[in-house]
Amino acid sequence: MASLDFLRSRSERFFVAPTVLAMVSVVALDWWTGPEVNLSLGFALVTMFAAFGISPRSGLMASAFVAGWSWLIATSHPEATLPTSTVAVNVGLRLLFFVLLTIGAAALRSVVDELDRLAATDPLTGAWNRRALLSLLDREVAHGQRTGQPLSLVYLDLRLLKQVNDQFGHQAGDDMIRSLAQGLGKGLRRGDILARVGGDEFVVVLPDVEAPAAARLLRRILESPGVPRVNAGLVEFQPGAGGSSMDVQEMLRRADEAMYHAKANGLGVHSETCRSIERSQRPLTD
């Protein structure tokens, strides 16, 4: 399992050089040992590595290469003795085997990726879950520390979910949660992060955005038709300020506190930075 996690965490480029080097090594060893020694296991491992780590197409290319090499060594090697008809049958069977191996490796990667996605997303809304949020937020904090850019964190709480559940049932409450997730998802930028961290609580991460710009973005989203009313706590974390050294749990706690401040004071949003606190006196929603 640890090996699979390591492989999944790497980009496709990571696998290209090792795949080529491994294939060349097996080819050289195969020529040196001659056709009497079967190195199919070595070729199989390289092909699976290519199909799983790079793409199914790469696995098929490796399969075709292995078939071509098998024909070459069986017909051109000094120790080759098999008749051409036998070589053709062997090469055809080997090609079929490696194609099936590629399909299996690609299917395994697809299943593993889907399980990973399901483990990282909220089943009701499709947003990231808390586990995924912590990892993504940690990445964005590291990015901010490298670039010196700010990061705004928004904690949102649905205002009327309990009343909707009590009066109309939990299906209506689920529809309300989905409506908020869809509204936020449509209004956010491509690089922004949306996560559901509780029954009626969401977190939005806005990389490279200061609090005033984040507040304007939220106002535009939350004033859109069909988006439920919320309380929102917005905190801007600036590299070099006190917040830049906080871990992600502390950052979420600060944003959660800002949200409860907005809720207690009847504000649509409570906004602050690591250096100063600014309260938005105009609610983001009616």
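These legends accompany close-up views of a predicted model. Local features need pLDDT of at least 70 and side-chain atom pairs 80 or more, while totals for chains, interfaces and linings use all residues. Residues are numbered from 1 along each chain as its sequence is written, and side-chain values use heavy atoms, leaving out hydrogens and water.

**View A. D122 in the loop between α5 (84–120) and α6 (130–147).** (Helices are DSSP runs of H or I, at least four residues, numbered from the N terminus.) Here D122 is buried, at 10% relative accessible area (buried is under 20%, exposed over 50%, partly exposed in between; 1.4 Å probe, protein chains only). Its side chain makes polar contacts with those of T125 at 2.6 Å and R196 at 3.2 Å (N or O atoms within 3.5 Å, one able to donate a hydrogen and the other to accept it; residues adjacent in sequence count only if both atoms are side-chain atoms).

**View B. A salt bridge between R253 and E257 in helix α10 (residues 248–264).** The N to O distance is 2.3 Å (a salt bridge is a side-chain nitrogen of Lys or Arg within 4 Å of a carboxyl oxygen of Asp or Glu). Salt bridges that share partners link E250, R253 and E257 into one network.

**View C. D166 meets K162 in helix α7 (residues 161–168).** Their salt bridge spans 3.0 Å, N to O, and both residues are exposed.

**View D. D175 pairs with R178 in helix α8 (residues 170–187).** The closest N and O atoms of this salt bridge are 2.6 Å apart. D175 is partly exposed at 35% relative accessible area, as is R178 at 25%.

Conventions. Helix = DSSP H or I, 4+ residues; strand = E, 2+ residues; numbered from the N terminus.
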